[in-house]
Amino acid sequence: MTTFIAVLYIISFALFIYGLMGLTGPRTAVRGNWIAAVGMAIAVIATLLTPGMSNWLLIALGVAIGVVVGVPSARKVKMTAMPQMVALFNGVGGGAVALIAWVEFRTTDGYAHEPAYVAIASLFAAIVGSVSFWGSNIAFGKLQELISGRPITLGKLQQPVNALVLIAAIVLAVVIAAGGDAELLMIGLLVAAGVLGVVVVLPIGGADMPVVISLLNALTGLSAAAMGLALDNTALIVAGMIVGASGSILTNLMAKAMNRSIPAIVAGGFGGGTAVAGGGSGEVRPVRSTSASDTAIQMAYANKVVVVPGYGMAVAQAQHVVREMAKLLEAKGITVAYAIHPVAGRMPGHMNVLLAEADVPYEQLKEMDEINSEFAQTDVALVIGANDVTNPAAETDPGSPIYGMPILKVNHSRSVIVLKRGMSSGFAGIDNELFYDAKTSMLFGDAKSSVGEIVEELKAL
């Protein structure tokens, strides 16, 4: 039986890795997801076959609750709400690890007679899992707008409080590892770690949320791997390390895409501050507005059009009508491409998922480094709800909080049309200098309705 279980684990790990490889592109993502899911099912079966497994009623009840809650939630969630669901589900994983660590503490009488590595790994999992759970819940609240997206800080006390709570969690872990078996010690550790998760994420603004989600996901993976080490469960170790490693790599890539350091983000970043509409210095600056008819004419006589999607497109669910517009332009012999910024939207790959849902050809999706050199040859850049990722202040204003962040250089295009409801700021809470550029025209209104009007105008041309 031991050999059979080991074989099942090896099969499941191979499926995890093969499934992860499928997530590199929209065409293979669904298949990759299913392959990884099958791998997880095999890993669960292997774990249930482990000698000494009991409490079958509780296991069945837990599986049933998970299915009843998880499946309808995943099927009904709107694409615009996917980031907060990812944050919530990720947090549940961290919370589960923290609870398992607590159970392990109780069943071993405070890790009595257990090897030192078991206590250390379990306590590490408890701290990191609890941080991930509560931090992810705060991220969910910010994304769902249950909590203000602005940084919520304690001012000068923020860093001392963070350090104090972290030290408290570490001290409690050391006391437990040294032989303390009072349950209040473990409860105190979980509470301290939970408070740490809350006070670390609250000061982080909306513009940094994609990086935070990715970082918390990596932490959940690391906590699961540590708990697997404590329980001698190969599935948890491998799956946790895959999640931790991939999440860490993604977090690092996204931080680089924003020209930000991860410590700076964790210390409290930009995002969610107030901005003065019409100009950061308080003056009211004129913008040039346009109509759907003029936009359609301008694009119909272009050679190349680049669509720049942002969260505004996601909110309006405009991806399908954008694809219809692109087909009409392509039928007129116009080249259409889509410029994707790494942190556009509210989670990694948000825009890619939305456009793939609308059957946009994968080869038309251009990453930032690739498309930036093409804007100079672009006749019309159509910005749909993207804000901070197109703001020229990132290159021109050393005093801007986003200065140095790589952006989509749409201002290099011959003409820019911005689809937006109004003049509100983006997640970074600052004005977008692009709106006042002489080459920019603003088409105000709901993105889906505006693009729909453009489609009708293109049909009439």
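β4 and β5 pair in the parallel sense, over four bridges. Across that pairing, I384 stands opposite L419 in β5. Keep in mind that this is a predicted model.

Now look at the other neighbour of β5. Five bridges join β5 to β6, and these two run parallel as well. Here V416 has T440 in β6 as its bridge partner.

Is β5 mostly covered or mostly open? It is mostly covered: five of its five residues are buried. Take the two faces in turn. V416, V418 and K420 are buried on one side. I417 and L419 are buried on the other.

Step back to the whole sheet. Six strands form an open sheet, in the order β3-β2-β1-β4-β5-β6, with parallel pairing. The edges are β3, residues 365–367, and β6, residues 440–444; each pairs on one side only. Neighbouring strands are turned by 25 degrees against each other on average, direction ignored.

What lies across this sheet? Helix α11, residues 292–300, lies across β1, β4, β5 and β6. It runs at about 140 degrees to β4.

Strand β2, residues 335–340, is joined to β3 by three bridges. Y338 has L365 in β3 as its bridge partner.

Y338 comes up again in the packing. The largest nonpolar core has 40 residues, and V322, M325, Y338 and I384 touch the most other members. Beyond its sequence neighbours up to four places away, Y338 touches V307, V322, R323 and L355, among others. There is also a second, separate core of 35 residues, including L202, I213, A381 and L408. In soluble globular proteins, nonpolar side chains tend to be buried together.

Technical notes:
Residues are numbered from 1 along each chain as its sequence is written. This is a predicted model: local features need pLDDT of at least 70, side-chain atom pairs count only at pLDDT 80 or more; totals for chains, interfaces and linings use all residues. Side-chain values use heavy atoms; hydrogens and water are left out. Two strands pair if DSSP finds at least two bridges between them. Axes are lines fitted to C-alpha atoms, for helices over the stretch in contact, and angles run from 0 to 180 degrees between N-to-C directions. Contact means heavy atoms within 4.5 Å. A nonpolar core is a set of buried Ala, Val, Leu, Ile, Met, Phe, Trp, Tyr and Cys residues joined through side-chain atoms within 4.5 Å. Buried means under 20% relative accessible area, exposed over 50%, partly exposed in between (1.4 Å probe, protein chains only).
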